[in-house]
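Visitor: I have a new structure to look at. Can you walk me through it?

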Amino acid sequence: MKICKTIAEMRATSRQARHEGKRLGFVPTMGALHEGHLSLVRAAKAQCDAVAVSIFVNPLQFAPTEDLAKYPRTFERDRELLEKEAVDILFAPTPEEMYPAGAVTYVTVEGLSEKLCGKSRPGHFRGVTTVVAKLFHMVEPDLAFFGQKDAAQAAIIRRMVRDLNLPIEIVVCPIVREPDGLAMSSRNAYLSPQERKSALVLHRSLTQVKKQFDQGERNASKLIEAGKRALAQEPTVRLDYLEIVDPATLDPKQELTSTALVAIAAHVGNTRLIDNILLK
């Protein structure tokens, strides 16, 4: 596995792969890798001739009050995991390499970035789209792989790629869950044993919505109420939002006549977790 620390190294390595006629897949991460990330790597391996993974904790997507300083950084462990998966390229730049001094240019997907997590984390998606656009320019992949757990992020990146005519196919892969249903997340490491147990209510809440939907309920307000009732059974968990939206536009739905995304965010102790399901 080749480790690139600079943009110049990354570009040269990517161009060499393409010169050899290889189809390049890319998995952008912030490290602290878990089985969810590795499932994206495996999907990339299955569809591409070479795979690049980036590890970069992006300061632009954290608000001043958020967990940038304590976000888990496990580079050596991550490197070993990626080597086991036979990843070809690891891109691990520093913040100074990614953001030149005095950088004032951002990429914003207006109309989508203020929805779901964008409401409670202003500026978050602007940070995500800016760094992903930069990574796309540096890595120049044919395909890029994202997880369904970050459904709003995936929708926003899809729109950015379309609007900017970037020659990249976005592939969204299914959520990977723990055996008890908890969606895998690097932030799960913050949870105490009791909080870890309480966090299962997010998945229970979504499961309750799906159950009502499967029984024929199509009114979004009634489905949301069912989910909120399930969540209320765990009083230590504070709901941020539970919404039913169009998966592409993130606009709220009233009646479910086509595929809908049920998205939830909640605070378990000091940790903010997200999860979602698609209703088809």
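Guide: We can start with the whole chain and then go to single residues.

Visitor: What kind of model is this?

Guide: This is a predicted model, in which local features need pLDDT of at least 70 and side-chain atom pairs count only at pLDDT 80 or more, while totals for chains, interfaces and linings use all residues. Residues are numbered from 1 along each chain as its sequence is written, and side-chain values use heavy atoms, with hydrogens and water left out.

Visitor: How many helices and strands does the protein chain have?

Guide: The protein chain has 10 helices and 9 strands. Helices (H or I, at least four residues) and strands (E, at least two) are DSSP runs, numbered from the N terminus.

Visitor: What about its radius of gyration?

Guide: For 280 residues, a compact globule would have a radius of gyration near 19 Å, and the protein chain agrees because its value is 19 Å. That radius is taken over C-alpha atoms, and the globule rule is 2.2 Å times the number of residues to the power 0.38. The C-alpha atoms fill a box of roughly 55 × 40 × 40 Å along the principal axes.

Visitor: How much of the chain is buried?

Guide: Buried residues are 52% of the 280. Buried means under 20% relative accessible area, exposed means over 50%, and partly exposed is in between (1.4 Å probe, protein chains only).

Visitor: And the contacts, how far apart in sequence are they?

Guide: Of the contacts between residues at least 6 apart in sequence, 73% join residues at least 24 apart. A contact is heavy atoms within 4.5 Å.

Visitor: Now a helix. Which residues make up H6, and what is its span?

Guide: Helix H6 covers residues 124-139, and its end C-alpha atoms are 22 Å apart, which agrees with the 22 Å that its 16 residues should span at 1.5 Å a residue. The expected span is 1.5 Å times one less than the number of residues.

Visitor: Is H6 mostly covered or mostly open, and what comes just after it?

Guide: H6 is mostly covered, with 13 of its 16 residues buried. Just after H6, Glu 140 takes a positive phi of about 55°.

Visitor: What does Val 87 touch?

Guide: Leaving aside neighbours within four places in sequence, Val 87 is in contact with Met 1, Val 41, Val 51, Val 53 and Leu 82.

Visitor: Where does Glu 85 lie?

Guide: Glu 85 lies in the loop between helix H3 (75-84) and strand E4 (89-91). At 18% relative accessibility, Glu 85 counts as buried. With neighbours within four places left aside, the contacts of Glu 85 are Leu 38, Val 41, Arg 42 and Lys 45.

Visitor: Last one: is Lys 280 buried or exposed?

Guide: Lys 280 counts as exposed, at 76% relative accessibility. Its place is in the segment after strand E9 (271-279).
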